[in-house]
Amino acid sequence: MRLVLSKSDALVVVDVQKDFCPGGSLAVPGGDGVVPVLNRYIERFGVEALPIFATRDWHPANHVSFKSYGGLWPPHCVQGTDGAAFHPELKLPGTVAVISKATTPEREAYSGFQGTDLEPVLLGLHVRRVFVGGLATDYCVKNTVLDALTGGFTTFLLMDAARGVDVHAGDSEKAVNLMLGAGAIGIRFEDIV
Ligand code: VGL
Ligand code: ZN
């Protein structure tokens, strides 16, 4: 594929936070492997002066997704903690728009669109195509991509810059197939002209 970036494109980096990387409380196997690849996309979008968004899981300490509050997960990405910080080697520009999600105790949100102003901000910037990568393929990347498609955005899945949790073996592969089946276009950095 030869893909030419245009002025209606935006990059959406999903949840590249310490807790989702090796050593973190909800580590995605090889999660930090997305960082150098995402840095290439970030640099490229920066050179083209295209908007860059970074979502973050930003939970209160009593969030419903935590096991002790009835959820599936160990505590992770608690607002203001070290584990909630973006990976230190992720080279986000000063102009990045940070989108915090799942910020209220009683609501889970895997999608960067859910309960945030991501969609109105994209529309306000006349964005028509979004490029989505990050963590985790089988949860927040999946739900963000599906919502982007539902919102009418042409949606590219960064195949070389997403990793999954795989609670059950094959979850990430299934998620990728679901996203592609729903209309997402899988690309790699080399596809961008
Ligand atoms: C995520 C599990 C729990 C994600 C967030 O970012 O994919 N996964 N919270
Ligand atoms: Zn979470």
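Tutor: Start with the ligand. This is a predicted model. In it, a polar side-chain atom of Asp57 lies 3.0 Å from a nitrogen atom of ligand 1.

Student: What makes that pair a polar contact?

Tutor: The cut-off for a pair of N or O atoms is 3.5 Å. The Asp57 atom lies 3.0 Å from the ligand nitrogen, so the pair counts as a polar contact.

Student: Which backbone atoms lie 3.0 Å from an oxygen atom of ligand 1?

Tutor: A polar backbone atom of Ala136 lies 3.0 Å from a ligand oxygen. A polar backbone atom of Cys140 is also 3.0 Å from an oxygen atom of ligand 1.

Student: How much of ligand 1 does the protein bury?

Tutor: Taken alone, ligand 1 exposes 260 Å². The protein buries 100% of that. The residues around ligand 1 include Asp15, Asp57, Trp73, His76 and Tyr139.

Student: Why is the pair of Trp73 and Tyr139 called edge-to-face?

Tutor: Check the distance, then the angle. The ring centres are 5.0 Å apart, within the 6.5 Å limit, so the rings pair. The planes stand at 90°, and over 60 degrees counts as edge-to-face, so that is the label. The structure holds 6 aromatic pairs.

Student: Where in the chain do Trp73 and Tyr139 sit?

Tutor: Trp73 is in the loop between S2 and S3, and Tyr139 is in helix H3.

Student: How do you know whether Trp73 and Tyr139 are buried or exposed?

Tutor: Buried means under 20% relative accessible area. Trp73 has 8%, so Trp73 is buried. Tyr139 has 19%, under the cut-off, so Tyr139 counts as buried too.

Student: What does helix H3 pack against?

Tutor: The buried residues of H3 pack against S1, strand S3 (97–101), S4, S5 and helix H4 (171–181). Among those buried residues are Cys140, Val141, Val145 and Leu149. Just after H3, Gly152 takes a positive phi of about 90°.

Student: Why is Thr55 called buried?

Tutor: The relative accessible area of Thr55 is 0%, under the 20% cut-off, so Thr55 is buried. Thr55 sits in strand S2. Its neighbours in contact include Val13, Phe86, Ile99 and Gly112.

Student: What makes the Thr55 and Asp15 side chains a polar contact?

Tutor: They come to 2.7 Å, and the limit is 3.5 Å, so the distance passes.

Student: Why is Ala85 called partly exposed?

Tutor: Ala85 has 30% relative accessibility, between 20% and 50%, so Ala85 counts as partly exposed. Ala85 lies in the loop between S2 and S3. Ala85 touches Val16, Gln17 and Lys18, not counting residues up to four places away in sequence.

Student: What makes a set of residues a nonpolar core?

Tutor: Its members are buried residues of listed kinds, joined through side-chain atoms within 4.5 Å. The largest such core here has 37 residues. Leu11, Tyr41 and Phe131 have the most contacts inside it. Helix H1 gives the most to this core, with 7 residues.

Student: Which residues does Leu11 touch?

Tutor: They include Tyr41, Phe45, Phe131 and Leu158. Phe45 and Phe131 also form one aromatic cluster with Phe156. A second, separate core of 22 residues includes Phe113, Leu149, Val176 and Ala184.

Technical notes: Residues numbered from 1 in each chain as written. Chains lettered and ligands numbered in written order. Predicted model: local features only at pLDDT ≥ 70, side-chain atom pairs only at ≥ 80, totals over all residues. Heavy atoms only, no water. Buried < 20%, exposed > 50% of the residue type's maximum accessible area, 1.4 Å probe, protein only. Helix = DSSP H or I, 4+ residues; strand = E, 2+ residues; numbered from the N terminus. Contact = heavy atoms within 4.5 Å. Near = heavy atom within 4 Å. Polar contact = N/O pair within 3.5 Å; in protein donor to acceptor, adjacent residues only side chain to side chain. Areas by Shrake-Rupley, 256 points an atom, 1.4 Å probe, with all protein chains shown as cover. Phe/Tyr/Trp six-rings, centres within 6.5 Å; stacked < 30°, edge-to-face > 60°.
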